[in-house]
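Dear colleague,

I am passing on a structure for you to look through, and below it I have written down what was found.

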Amino acid sequence: MKRLVILGGGTAGTMVANKLRAALGKHELHITVVDRDDNHHYQPGYLFMPFGIYNTSDIVRSRHRFIDDGIDLVLTEIDHVDPTYRVVHLADGRTLSYDVLVIATGVSPRPDATPGMLGKLWGQSIHEFYSLPGAQALTEAMRRFRGGRMVVHITEMPIKCPVAPMEFTFLADDWLRKHGIRDRTELTYVTPLDGAFTKPVASRELATALVDRRIGLETDFAVEHIDNDTRELVSFDGRRIGFDLLVTVPLNMGADYIARSGLGDELNLVPCDQHTMVSLAHPEIHVLGDAGTLQTSKAGSVAHFAVDVFVHNFLDDFNGRPATHGFDGHANCFIESGNGKGMLLDFNYTTEPFTGDFPLPVVGPFKLLKETRLNHLGKLAFRWIYWNLLLRGRPIPMIPTTMSLAGKRVEKDVTPAGTGMPTATAPSSPAPAPRPAMPKPTKPSPSPRPAAAKPAPVTAPAGTKPAAGYSDRPGVDSTAEVVLPAPIVPKF
Ligand SMILES: Cc1cc2nc3c(=O)[nH]c(=O)nc-3n(C[C@H](O)[C@H](O)[C@H](O)COP(=O)(O)OP(=O)(O)OC[C@H]3O[C@@H](n4cnc5c(N)ncnc54)[C@H](O)[C@@H]3O)c2cc1C
């Protein structure tokens with residue numbers, strides 16, 4: 001019997017386990033899911049917590065409830081993978097052998113990667129909402145906020161849900177108005193990108209939405225450190241942005257065990273094929289969800305569509321047929337814009353987000369890149385869809401795996417992101433200087449867990465050839481010396 005081991009029982013891991021269990025009997029395929037704990041988080045809900053819309057009980061459920069019968073769920077930390085012998089080593093000393101491995105351990109915020117982020121202001125005036133404790137602490141900080149300089153900041157791309165910081169900014173603007181302190185607050189959005197967003201049409205529409213709300217936009221901002229004494233973000237090119245409340249999205253990185261296994265790049269993301277999600281180094285390893293290097297958004301919707309493709313190909317392979325399905329990079333994301341409205345983005349590797357109707361031309365009912373009440377309701381409905389359809393591996397009506405051009409107003413020759421749009425001035429920031437080459441980054445502080453011996457870099461097993469384009473690069477283990485050896489190129 002074939003053994004499938006799935007690392008990570010979050011969005012992608014749960015979906016793929018349930019879909020394959022439904023398709024193949026227990027005597028055909030043995031499925032094991034490994035995760036560190038029994039708490040499944042609905043991460044899009046973190047965004048709403050600081051504004052009192054959701055609380056912890058709305059977004060955390062027992063993982064067991066969502067993993068179907070006939071799937072082994074192992075709750076412990078993953079220590080490392082030995083791809084040569086096809087064995088997963090767990091932190092409690094157990095091992096799991098596999099024929100096929102799925103890596104679905106996502107990415108997490110790493111405030112320790114930016115000097116000064118974890119300084120004396122951390123948890124006081126510096127907050128994040130990409131983890132449950134972060135969102136809980138920010139909820140208290142928002143309650144205490146009485147006006148001043150509020151800065152929403154992205155450290156570096158890629159991050160999961162790249163629209164979430166923009167959504168936070170819109171919701172904060174709305175929340176400040178409702179609490180009567182918007183006039184006393186200077187609100188600024190600070191991004192390492194050269195526009196409000198990477199894709200030209202979305203960048204233009206979102207920059208307009210920022211200007212309409214009198215929200216400052218500071219682009220090309222590569223943070224070098226945070227000065228806790230002066231309460232300023234400081235960029236590599238010397239710009240300084242003062243804050244009274246900083247809501248930052250720290251660097252997002254894959255899990256440390258990926259570095260210890262020699263499987264990742266400088267952000268501990270596993271290099272994988274853009275269409276099949278197969279590891280470029282090891283053909284029996286597949287990467288689903290945020291953990292890989294797909295050149296599309298890191299989002300639950302992307303995980304969902306990529307899992308569909310993977311399952312088709314897995315079943316073809318299982319039944320001795322050639323795998324024929326390819327992932328097109330489809331992403332579908334609602335953007336909360338405040339005041340009970342939202343926008344919608346739908347795009348893939350080759351088609352950027354455009355305006356128009358979704359999913360059907362003219363009738364919609366959703367509007368692409370336009371603020372509507374229905375888009376907002378779609379976003380709120382997503383939580384129910386997540387728990388009841390998505391995780392259980394059930395189809396979501398009207399949302400195809402492959403992106404469709406139907407209803408999209410395709411624009412040709414659009415202005416590149418960040419040009420042609422008014423840019424509001426950020427507090428205490430001089431005119432932006434050209435962005436320099438990224439200097440050698442700092443080392444994140446050591447992981448609290450005892451260091452595991454770092455295995456020698458793993459090469460492809462005998463008889464397998466790494467795919468074209470793959471090159472072995474050092475990973476980042478927070479217990480090891482080498483950290484972020486090269487500039488990280490912003491990408492969507
Ligand atoms: C604030 C916020 C808002 C978002 N909004 C949206 C949205 O509106 N729409 C959307 O589509 N997406 C959204 N996302 C993104 C979405 O939540 C992620 O893209 C999705 O959860 C990725 O799924 P995954 O399975 O790759 O990773 P995850 O769901 O993060 O699962 C990874 C799992 O691996 C486990 N794990 C990691 N390391 C180890 C280890 N060493 N040992 C054992 N277990 C381990 C973790 O415990 C976790 O359960 C949002 C994310 C955030 C943070």
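Among contacts in the protein chain between residues at least 6 apart in sequence, what percentage join residues at least 24 apart? The share is 71%, where two residues are in contact if their C-beta atoms, placed from the backbone, lie within 7 Å.

Before going further, please note that this is a predicted model, in which local features need pLDDT of at least 70 and side-chain atom pairs count only at pLDDT 80 or more, while totals for chains, interfaces and linings use all residues. Residues are numbered from 1 along each chain as its sequence is written.

The overall picture

The protein chain contains eight helices and 25 strands, and these are DSSP runs numbered from the N terminus (helices are H or I with at least four residues, strands are E with at least two). Of its 492 residues, 49% count as buried; a residue is buried if 20 or more other C-beta atoms lie within 10 Å of its own, exposed if 12 or fewer, and partly exposed in between, with C-beta atoms placed from the backbone.

The ligand

The ligand is surrounded by 35 residues, of which Gly8, Gly10, Gly106, Gly289 and Gly300 are the closest, and a residue is near a molecule if its C-beta atom, placed from the backbone, lies within 6 Å of it. At least two residues of this shell come from each of α1 (11-23), β2 (29-35), α7 (300-318) and β21 (331-338). Sorted by class, the shell has 18 nonpolar, 11 polar and six charged residues, where Ala, Val, Leu, Ile, Met, Phe, Trp, Tyr, Cys and Pro count as nonpolar, Asp, Glu, Lys and Arg as charged, and the others, Gly among them, as polar.

An open sheet

Three strands, in the order β6-β7-β8, form an open sheet with antiparallel pairing, and two strands pair if DSSP finds at least two bridges between them. Its edge strands are β6 (78-82) and β8 (95-97), each of which pairs on one side only. Strand β6 is joined to β7 (residues 87-90) by four bridges, and Val81 stands opposite Val88 in β7.

Backbone details

Most residues other than glycine have a negative phi, and most peptide bonds are trans. The peptide bond from Met157 to Pro158, however, is cis, with omega near 0 degrees, and Pro158 has its place in the loop between β12 (148-154) and α4 (164-178). Another cis peptide bond joins Phe358 and Pro359, with omega about -5 degrees, and Pro359 is found in strand β23 (residues 355-360).

Arg214, in the loop between α5 and β14 (216-218), has a positive phi near 55 degrees, and this residue is partly exposed because 13 other C-beta atoms lie within 10 Å. Asp220, in the loop between β14 and β15 (223-227), has a positive phi of about 55 degrees although it is not a glycine.
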